[in-house]
Amino acid sequence: MSEQEIIEGNKLIVEFIGYKFIEDGHQYWRLSDKHLLLENELKYHSSWDWLMPVVLKINTMDNFDYSVKIFTMDCQIENSKGEIIVRCECKYNPDELINSVWEAVVEFIKWYNSWKEKQ
């Protein structure tokens with residue numbers, strides 16, 4: 001993944017979680033007055049502590065209609081009918097499983113945002 005792909009993916013994730021982008025002389029995301037994040041603080045691509053709450057949100061949203069399945073070497077997200085929406089394989093080695101999960105989450109958010117626009 002390039003640095004630009006990581007930045008754009010993390011922006012999609014932070015907005016999916018519910019933060020709003022604010023630009024008032026500074027650029028940051030706000031969830032509430034106590035929860036402010038700068039772009040360089042976003043760690044969804046490198047921290048399970050950041051990424052797993054996003055996985056939980058996907059698993060519980062829309063009346064539990066989606067399921068994130070994490071395997072040894074890949075990750076896929078399915079709908080409640082068992083149809084695969086997104087599948088990402090580990091491109092390097094098992095130690096980089098977080099990359100597959102992050103990529104699957106980003107691709108799911110792109111798909112979900114597009115699907116919601118059509119509704």
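Analyst: A salt bridge is a side-chain nitrogen of Lys or Arg within 4 Å of a carboxyl oxygen of Asp or Glu. The structure discussed here is a predicted model.

User: How many salt bridges are there by this rule?
Analyst: Side chains of opposite charge can pair when their charged atoms come close. With the cut-off of 4 Å between nitrogen and oxygen, the count of salt bridges comes to five.

User: Which residues are linked in a network of salt bridges?
Analyst: Arginine 87 forms a salt bridge with aspartate 74, their closest N and O atoms being 3.3 Å apart. This pair links distant parts of the chain, with arginine 87 in strand β6 and aspartate 74 in strand β5, 13 residues apart. The side chain of arginine 87 also meets that of glutamate 89 in a salt bridge, at 3.8 Å from N to O. The network of salt bridges therefore links Asp74, Arg87 and Glu89.

User: What separates glutamate 8 and lysine 11 in helix α1?
Analyst: Glutamate 8 forms a salt bridge with lysine 11, and the closest N and O atoms are 3.7 Å apart. Both residues are partly exposed, glutamate 8 with a relative accessible area of 38% and lysine 11 with one of 23%. Because they are three residues apart in helix α1 (residues 3-17), the separation is about one helical turn.

User: Which residue caps the N-terminal end of α2?
Analyst: Helix α2 covers residues 48-64. A side-chain oxygen lies 3.2 Å from the backbone nitrogen of aspartate 49, and the residue that provides this oxygen is serine 47.

User: What covers the buried residues of α2?
Analyst: The buried residues in α2 are Leu51, Val54, Val55, Ile58 and Met61. What covers the buried residues of this helix includes α1, β4 (66-70), β5 and α3 (97-118).

User: What is the phi of phenylalanine 64 near?
Analyst: Most residues other than glycine have a negative phi. In helix α2, aspartate 62 has a positive phi of about 50° although it is not a glycine, and this residue is partly exposed at 36% relative accessibility. Phenylalanine 64 also lies in helix α2 and counts as exposed at 58% relative accessibility. Its phi is likewise positive, near 60°.

User: Which element of the protein has the lowest mean pLDDT?
Analyst: The protein averages a pLDDT of 88, and 93% of the residues score at least 70. Strand β4 has the highest mean among the elements, at 95. The lowest mean, 72, belongs to strand β2 (residues 27-32).

Technical notes. Residues are numbered from 1 along each chain as its sequence is written. This is a predicted model: local features need pLDDT of at least 70, side-chain atom pairs count only at pLDDT 80 or more; totals for chains, interfaces and linings use all residues. Side-chain values use heavy atoms; hydrogens and water are left out. Helices (H or I, at least four residues) and strands (E, at least two) are DSSP runs, numbered from the N terminus. Buried means under 20% relative accessible area, exposed over 50%, partly exposed in between (1.4 Å probe, protein chains only). The bend at a residue is the angle between axes fitted to the seven residues ending there and the seven starting there. Contact means heavy atoms within 4.5 Å. A polar contact is a pair of N or O atoms within 3.5 Å; within protein, one must be able to donate a hydrogen and the other to accept it, and residues adjacent in sequence count only if both atoms are side-chain atoms. pLDDT is the predictor's confidence in each residue, from 0 to 100.
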